[in-house]
Each structure stands twice: as structure tokens, then as C-alpha cells.
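Hi,

Here is the structure I promised to pass on. Have a look at it first, and then read on for what turned up when I went through it.

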Amino acid sequence: MNKAVIRTVRPHDLKEIDRVERRCFGKETRFPLDALANMIASSRVCGLVVEVNGIVRGFLFQSLPKELDQSILLTLDIDPDFRRQGYASSLLTNAAEIAKSLGRKRFILQVGTKNHAAISLYQSRGYKKTGLLKDFYGENGDAWEMELKL
């Protein structure tokens with residue numbers, strides 16, 4: 001049986017986070033290693049990982065700008081071999097609880113209009129589409145902006 005733990009990102013998680021990022025996204029759309037390192041180091045970004053049997057199998061980063069009443073999902077990655085096991089939902093729930101505890105009123109994200117699995121996940125968690133962002137991903141397409149009221 002798999003033992004899963006959700007915890008705060010630690011600096012030494014960088015290599016495992018990069019491994020998951022590479023499994024989830026192609027070269028054109030993934031975050032480079034230095035961007036992931038900057039998110040881990042930033043005081044305005046909260047990162048969570050899900051460890052399964054001691055190995056990072058997914059992660060989430062959210063931006064928590066001090067001057068805004070919202071949290072912004074920067075990325076949510078689950079290793080393809082570990083999807084559909086509730087890990088993404090657990091990360092989203094934990095991230096929303098952190099945002100709410102810090103006084104945020106909304107949790108905002110952007111998701112590709114063709115990413116039907118992710119859209120379905122977000123809608124099942126109570127997120128609503130609030131607008132279409134044309135060419136958000138450049139040549140890779142448009143995105144929906146979605147929001148969860150906290």
C-alpha cells in the first residue's frame with residue numbers, strides 16, 4: 001500500500017521536483033530548473049509536495065502576493081504514473097487552506113482550454129471559469145482563468 005504525505009517544499013526537493021516537471025511537460029512548456037529554484041526560495045511563494053513512499057510524486061506552487069487578497073496557482077504537477085489517485089485534489093485542498101489562513105479571499109489559476117482532465121478536476125473542486133485568456137500559452141493555445149472563492 002502506498003503511503004502518501006503532503007508537506008512543505010524543502011530546498012533539497014529541487015531535483016525531484018524537476019524530475020516530475022520533466023515527466024509532466026515538454027521542453028517548450030515546462031519550468032526551467034532556475035525558475036523552480038526561484039519558486040522554492042521565494043518568500044512570496046508557497047510550495048507543497050506529495051511524497052509517496054518517500055519519493056516526491058507531485059507538487060504545487062502558489063503565489064501569495066502580500067498586496068492582494070488572492071492566491072495564484074503557479075503550477076500543479078503530478079507524475080503521470082501517479083495520477084487519478086487523489087494527490088492533485090489533496091494538494092489543492094491544502095493550498096487553499098493555507099491561502100485562506102493568510103486572509104486570501106480567492107484562489108486563481110489558469111489552465112489550457114484543451115486540458116480537459118485538469119479543467120474537470122478544478123471544476124470538481126469548486127473552481128469556476130471567469131474568463132478566456134487568448135494566446136496565454138503563445139502558440140500552445142488559450143487558457144481559461146478559473147477562480148475558487150475561499
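The protein chain has four helices and seven strands. Please keep in mind that this is a predicted model. Read from the N terminus, the elements follow the order β-α-α-β-β-β-α-β-α-β-β. The radius of gyration comes out at 15 Å, close to the 15 Å that the globule rule gives for 150 residues, so the chain is as compact as a globular protein of that length.

Of its 150 residues, 43% count as buried. Taking the contacts between residues at least 6 apart in sequence, 59% join residues that are at least 24 apart.

Next, the helix pair. Helix α1 (residues 14-24) packs with helix α2 (residues 33-41) at an angle of about 130°, and their axes are 10 Å apart. An angle of that value makes α1 oblique to α2, and the crossing of α1 past α2 is right-handed. On the α1 side, the contact is made by Leu 14, Ile 17, Asp 18 and Glu 21; α2 brings in Leu 33, Leu 36, Ala 37 and Ile 40. Sorted by class, this contact holds six nonpolar and two charged residues, with no polar ones.

You will find Asp 79 in the loop that runs between β4 (70-78) and α3 (87-101). Is Asp 79 buried or exposed? Its relative accessibility is 2%, and because buried means under 20%, Asp 79 counts as buried. Not counting residues up to four places away in sequence, Asp 79 touches Arg 19, Val 20, Arg 23, Cys 24 and Arg 57.

The other residue is Val 5, which sits in strand β1 (residues 4-8). With a relative accessibility of 33%, Val 5 counts as partly exposed. Leaving aside neighbours within four places in sequence, Val 5 is in contact with Val 49, Val 50 and Glu 51. How far apart in space are Val 5 and Tyr 87? The two are 82 residues apart in sequence, while their C-alpha atoms are 9.5 Å apart.

That is what I have for now.

Best wishes

Methods: Residues are numbered from 1 along each chain as its sequence is written. This is a predicted model: local features need pLDDT of at least 70, side-chain atom pairs count only at pLDDT 80 or more; totals for chains, interfaces and linings use all residues. Side-chain values use heavy atoms; hydrogens and water are left out. Helices (H or I, at least four residues) and strands (E, at least two) are DSSP runs, numbered from the N terminus. Buried means under 20% relative accessible area, exposed over 50%, partly exposed in between (1.4 Å probe, protein chains only). Contact means heavy atoms within 4.5 Å. Axes are lines fitted to C-alpha atoms, for helices over the stretch in contact, and angles run from 0 to 180 degrees between N-to-C directions. Angles under 35 degrees count as roughly parallel, over 145 as roughly antiparallel, 65 to 115 as roughly perpendicular and the rest as oblique. A crossing is left-handed if the near helix is turned anticlockwise from the far one by less than a right angle, and right-handed if clockwise. Ala, Val, Leu, Ile, Met, Phe, Trp, Tyr, Cys and Pro count as nonpolar, Asp, Glu, Lys and Arg as charged, and the others, Gly among them, as polar. The radius of gyration is taken over C-alpha atoms; the globule rule is 2.2 Å times the number of residues to the power 0.38.
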